[in-house]
Amino acid sequence: VVKIDNVGRGRPQTGLNQADIVFEEVVEGRATRFAAVFHSQGANPVGPIRSGRTQDVDLLSGLNQPIFVWSGGNPGVERIISQSGFHSLNASGDPPAFGFFRSDRPRPHNLFANTDLFWQQLTWAITRPGAMFAYVEPGTAVGGEPRSWLQVRVGTNPVRWDYDAGTDTYLRSQGGGPHQLTDGRASADNVIVLITNYR
């Protein structure tokens with residue numbers, strides 16, 4: 001799991017379309033960050049990598065002690081993540097994890113890494129997680145009404161997903177325009193909206 005920036009100076013991001021699952025989380029100021037889960041393939045590079053939050057422990061604990069790639073946090077966050085059982089790779093740790101590098105973007109929006117290097121460091125720790133969601137069996141009917149788009153506000157971020165028949169994916173927009181990544185537009189096979197308490 002890699003924590004990825006989603007403020008203006010952190011865009012365009014790299015690696016989101018290679019992730020198996022991407023959570024968009026609300027952080028302070030009601031801005032958002034992504035927690036990108038890589039399982040079937042990696043991203044070389046991925047980023048920009050930013051700090052963790054205490055909510056990451058609750059959100060990601062179902063992934064069977066994941067490798068957690070991040071860059072610091074306040075002392076309370078660092079303590080909670082260190083006690084979580086996650087395999088922490090913290091660029092701002094003491095000592096810092098190795099394998100991170102800086103791009104020519106302004107700090108702190110310029111920290112990147114390669115997932116392959118992290119998998120190599122922690123091969124011994126990699127186990128198969130359980131399924132994150134309950135899935136419908138092939139050929140089984142799904143309840144609900146079909147929709148070709150979804151619009152939702154995540155924190156202060158207006159997000160829209162539009163189904164694209166040509167790619168059989170949902171294409172993401174945010175802030176009134178397409179969400180462009182370094183390798184094209186952000187897209188997903190499935191979009192799930194989780195309504196949770198937040199403080």
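Strands are DSSP runs of E with at least two residues, numbered from the N terminus. In these terms, R30 sits in the loop between β2 and β3, the latter spanning 32-37. The model is predicted. R30 is not a glycine, yet its phi is positive, near 60°. With a relative accessible area of 42%, R30 is partly exposed, because that class lies between the 20% limit for buried and the 50% limit for exposed.

Q65 also calls for a look at its backbone. Its phi is positive, about 55°, although Q65 is not a glycine. Q65 is located in the loop between α1 (55-60) and β4 (67-70). The relative accessible area of Q65 is 44%, so this residue is partly exposed.

Cis peptide bonds come next. One joins R11 and P12, with omega at about 0°. P12 belongs to the loop between β1 and β2. Another cis bond runs from D94 to P95, and its omega is near 5°. P95 is placed in the loop between β5 (87-90) and β6 (100-102).

L16 lies in the loop between β1 (2-5) and β2 (21-26). L16 counts as buried because its relative accessibility is 6%, and buried means under 20%. Beyond its neighbours within four places in sequence, L16 contacts I4, V22, F34, A36, H179 and L181. G72 is 56 residues from L16 in sequence. In space, the C-alpha atoms of L16 and G72 are 21 Å apart.

How values were computed. Residues numbered from 1 in each chain as written. Predicted model: local features only at pLDDT ≥ 70, side-chain atom pairs only at ≥ 80, totals over all residues. Heavy atoms only, no water. Helix = DSSP H or I, 4+ residues; strand = E, 2+ residues; numbered from the N terminus. Buried < 20%, exposed > 50% of the residue type's maximum accessible area, 1.4 Å probe, protein only. Contact = heavy atoms within 4.5 Å.
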